[in-house]
Amino acid sequence: ARVYAMALARAERHLDAEPVLRNLHAYALQSGDPERIAYTGFELGLNLLRVNLDEEGFRTVDESIKLTRTLGDPHPDLAQRLGIWARIMLQKRHTFDAEGMLLEAVEADRRVHGDSSHQIARRYYDLGQFYLLIGRHEEAMGWLDTAASLFRSQLGDADPQTIDAVVA
């Protein structure tokens with residue numbers, strides 16, 4: 001069911017994915033497995049937002065992230081979930097919330113992957129792009145320069161992520 005739901009979501013068949021994700025989340029809640037609850041809640045919440053069930057979607061994603069925060073120090077999926085949630089919050093013009101989530105994602109990836117990983121470079125890049133978008137160009141350049149440098153050292157000059165960071 002999980003693979004089927006993700007395939008439907010990737011095919012942008014969100015209305016078809018919704019009942020499958022609801023069933024998966026209900027099963028996870030019954031099982032009491034917090035990992036499964038956090039995962040299915042996040043995926044269900046994102047899908048609910050895609051089918052314009054915003055209130056339920058926001059609540060479900062928020063609950064999932066709160067649970068994810070309790071599952072590790074930090075949980076390996078926390079930074080990714082925060083990054084996705086920050087992009088959605090930015091689209092909804094919740095700039096302050098998006099910035100906090102991006103900064104938390106940086107800290108989570110730093111603790112999980114270290115200061116010189118390509119994952120942390122990705123978080124720096126995302127934060128730099130965020131600051132560019134809101135007009136804080138000087139801050140943006142600091143994050144983007146660091147991201148480009150880390151991408152270069154970790155992935156090489158020809159990697160698309162390195163090129164994106166350098167061009168930004």
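## Surface and basis of the model

The protein exposes about 9200 Å², and carbon and sulfur atoms supply 50% of it. Accessible areas come from the Shrake-Rupley method with a 1.4 Å probe, and for residues only the protein chains shown count as cover.

This is a predicted model, in which local features need pLDDT of at least 70 and side-chain atom pairs count only at pLDDT 80 or more, while totals for chains, interfaces and linings use all residues. Residues are numbered from 1 along each chain as its sequence is written, and side-chain values use heavy atoms, with hydrogens and water left out.

## Overall fold

The secondary structure consists of 9 helices and 0 strands (DSSP runs numbered from the N terminus: helices are H or I, at least four residues; strands are E, at least two). The radius of gyration, taken over C-alpha atoms, is 17 Å, close to the 15 Å that the globule rule gives for 168 residues, so the protein is as compact as a globular protein of that length. The globule rule is 2.2 Å times the number of residues to the power 0.38.

Of the 168 residues, 42% are buried, that is, under 20% relative accessible area with a 1.4 Å probe, protein chains only.

## Arginine 123

Arginine 123 belongs to helix α7, residues 118–133. Its relative accessibility is 13%, so arginine 123 counts as buried. Beyond its neighbours within four places in sequence, arginine 123 is in contact (heavy atoms within 4.5 Å) with Ala79, Gln80, Gly83, Ala105, Val106 and Asp109.

Methods: Buried means under 20% relative accessible area, exposed over 50%, partly exposed in between (1.4 Å probe, protein chains only).
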